[in-house]
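Welcome, and thanks for taking a look at this one. Please have the sequence and the model side by side as you read.

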Amino acid sequence: MRIATWNVNSVRARVGRIVDWLGREEVDVLAMQEIKCKDEQFPHAEFEAAGYEVVTHGLNQWNGVAIASRVGIEDVARTFDGMPGFLKGHEGPDLPLEPRAIGATANGVRVWSLYVPNGRGLDDPHYAYKLDWLEALRGSTAAWMAANPDAPIALTGDFNIAPTDADNGDPTIIEGVSTHVSPAERAAFQALLDSGLTDVVRPRIPEGFTYWDYKQLRFPRNEGLRIDFILGSKPFADLVAGAGIHREERKGDAPSDHVPVVVDLDLSADEDDDDRPMIF
DNA sequence: ATGTCGTGAAAGTCACGA
C-alpha cells in the first residue's frame, strides 16, 4: 500500500495535476493540506473518476485538509483532543477551531493529514498557537498509541518545522529571527519523536527538501526546506518498505510550492502471519 | 521590489496568508 502527503496549495487550482500524479504513481491514500476551499467546493468528481473517495475538512479559503483513498476510508475525525483554536486579535480558551487536521482509517491504517500552524513570527500570537497546537497533538497521539499499542498510525503533513540545520536551505530563514527553525519549534517536533513516533522517510531519503518558496528563484537555486513529514507509530514503521520525495512535482506548469512525500507499506510482511512460508 | 502564488471582496486592484 502506498501512502503520500502533499501540501497542494489550493486543490481547485491543481486538481488535474494532483489526480494525474495519483494515477501515475499508483498512490492508494493521499493526505492533502491547504486545500483552500470549503467542503462543498472540493472537486470530488475528478477524484471519484480516478477511483478515489475523499473526506474533507475545509471551512473557507484558508488552510483546509483532506484525505483521498482508493482502498476505503472510515472513522473520520476532524479534530484531535485538546486542539486549540485561533482568531487573530483575540485570546482565550474558546477561539474557533481551524481546519488543520483530519484523520481516517484506510485499509486498517490510521492516517492523519495535518497542517501545523505557520507561526508567522517569533513574537506573533500565531507562534504560541503553533507550539500549543503541537503539544496538544503530541498528547492526543500519545494517548491514542497507548490505548492502541498494536495499531499502525501515521501523522503526515506540513509540520512547518525544519528539524535540523540540514533541513533549512533557505538563506532568509535564520535562527533567532525566523519561525520554522527556533529551538522551541524543534523541541516540539522532537517531543513527537520522543513520544514514540518515527520519521519513516529520513532514513531512506536522508537529503532533500519538500518545499521551496515561489519567490527569489528558490527552486532553481535549491534553497528549500524539509518541513513535510510522515511520522509513524512502531507498528506503522515496521510496515514501511520504501519512501520517496517527489521533487519533480515542483517543476512544470502551476506547481504547488510543496512536493509529495511517499511511503510504501508491505502489508504481507506481518510477522504473525502463520500462512507465510518460512524461508531460511 | 517581500521581485510569487492563491483566494475573496470589491472591482478591473487590494488585503491577507504563506
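How many bridges join strand 8 to strand 10, and do these strands run parallel or antiparallel? Five bridges join strand 8 (residues 153–158) to strand 10 (residues 228–232), and the two run antiparallel. One place to look is Gly 157, whose bridge partner in strand 10 is Phe 229.

Keep in mind that this is a predicted model.

Zooming out, both strands belong to an open sheet of six strands with mixed pairing, in the order 5-6-7-8-10-9. Strand 5 (74–77) and strand 9 (198–199) stand at the edges with a single partner strand each, so one side of each has no neighbour in the sheet. As background, strands of a sheet pair through backbone hydrogen bonds, either parallel or antiparallel.

Chain A as a whole has five helices and twelve strands. Its radius of gyration is close to what the globule rule gives for 280 residues, so chain A is as compact as a globular protein of that length. Here are some overall values:

| Property of chain A | Value |
|---|---|
| Radius of gyration | 18 Å |
| Box filled by C-alpha atoms, along the principal axes | roughly 60 × 40 × 40 Å |
| Residues that count as buried | 42% of 280 residues |

Beyond its neighbours within four places in sequence, Met 32 is in contact with Trp 6, Val 8, Val 11, Val 65, Ala 66 and Ser 113.

Conventions:
Residues are numbered from 1 along each chain as its sequence is written. Chains are lettered from A and ligands numbered from 1 in the order in which they are written. This is a predicted model: local features need pLDDT of at least 70, side-chain atom pairs count only at pLDDT 80 or more; totals for chains, interfaces and linings use all residues. Helices (H or I, at least four residues) and strands (E, at least two) are DSSP runs, numbered from the N terminus. The radius of gyration is taken over C-alpha atoms; the globule rule is 2.2 Å times the number of residues to the power 0.38. A residue is buried if 20 or more other C-beta atoms lie within 10 Å of its own, exposed if 12 or fewer, and partly exposed in between; C-beta atoms are placed from the backbone. Two residues are in contact if their C-beta atoms, placed from the backbone, lie within 7 Å. Two strands pair if DSSP finds at least two bridges between them.
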